[in-house]
Amino acid sequence: MQLVLAPSNLGLSPLHNGHIPGTWRAPEALMGAGLGEAVNYSHLHSLPRPDYRPEAQEGTRIRNGHAIRAYDLIVGETVGSICKSGELALVIGGDCSLLPGALVGARQIGPVSLVHIDGHSDFRHPGNYDPEAVLSGAAGMDLALATGRGEPLLTVWPGVSGPLVSDVNVVQIGERESHDPDFAWPDIADTAIEQVDIFEAQKIDPSGLSQRIHDVLLRAPEQSFWIHFDVDVMDQVIMPAVDCPGSPGLSPQYLIQILSPLVSSTRCLGMTLTIYDPDRDPTGQCAATIIDILRVLPFR
């Protein structure tokens, strides 16, 4: 396994004037908390920190859109080289706008499936909001972008024909807002994306959810797959150090049970871990929780 540190906050919106989202500090903070000792990696890739600019830019209605594309191409080049070597890539972000870049790299091996574990489905796209009315952050769009919905700036990639991943080869786990009357992305239910929201996940045991994931991956048994793990899928009581904490959520023990068979699979190309914000973790307890999960996962 090779470790990629990607200190990006480009996909997030500032909370107030002058605010710089703190997820860029996550790789350094997690390494300081013992990540390097917790996982057995053969090589460390430290990517540069990109320049965050909150204002609108010409040619895009996505905040930092041009910078995200440039950074994701760097991520893609790094992940692609790891995948070609036969090792698994563990990408530590940063925010969710890293996912398209990771998939660009994974696609160098061929078509892929996606296991998207996130407290939000991140399915914001021009079909369910007006881009001219608001400048949006790509961290709420990553699944839409990955499935080819949104500005060509972040949906059309060199060497890839069509979307990075097809709807039918995606399972989204953990959405906690879909039962709200003002749910922003209800059109995800009209797609072939397999959905297991947080309420359904809590009703079935980890083995049952693992079977649901396995069934989706069997739709294309010849394909490799990528995992996206956004730590805000955990309950805010356990993981408050994220940009949008919420309840209910999955426990670390539950996550370990569903992630373990995935990261040990020879079909797994890698995993993005995102949205941890050290600025919201003054005691370091949330960092320790993340490290504890990664320490016991049987990465191939």
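## Salt bridges in a predicted model

Asp 167 counts as buried, with a relative accessibility of 18%, where buried means under 20% relative accessible area, exposed over 50%, and partly exposed in between (1.4 Å probe, protein chains only). The model is predicted, so that local features need pLDDT of at least 70 and side-chain atom pairs count only at pLDDT 80 or more, while totals for chains, interfaces and linings use all residues. Residues are numbered from 1 along each chain as its sequence is written, and side-chain values use heavy atoms, with hydrogens and water left out.

The structure holds 8 salt bridges, a salt bridge being a side-chain nitrogen of Lys or Arg within 4 Å of a carboxyl oxygen of Asp or Glu. Three of them are listed here.

| Pair | N to O distance |
|---|---|
| Asp 167 and Arg 149 | 2.7 Å |
| Glu 194 and Arg 212 | 3.0 Å |
| Arg 212 and Glu 200 | 2.6 Å |

Asp 167 forms a salt bridge with Arg 149; both residues lie in the loop between α5 (142-146) and β5 (170-173), so the pair ties together parts that are 18 residues apart in sequence. Arg 149 is partly exposed, at 21% relative accessibility.

Arg 212 meets Glu 194 in a salt bridge, and this pair links strand β6 (residues 194-196), which holds Glu 194, with helix α7 (residues 206-217), which holds Arg 212, across 18 residues; helices (H or I, at least four residues) and strands (E, at least two) are DSSP runs numbered from the N terminus. Arg 212 also pairs with Glu 200, which lies in helix α6 (residues 198-203), 12 residues apart from Arg 212. Glu 200 is partly exposed at 30%, as is Arg 212 at 21%. Glu 194, Glu 200, Arg 212 and Arg 219 are linked in a network of salt bridges.
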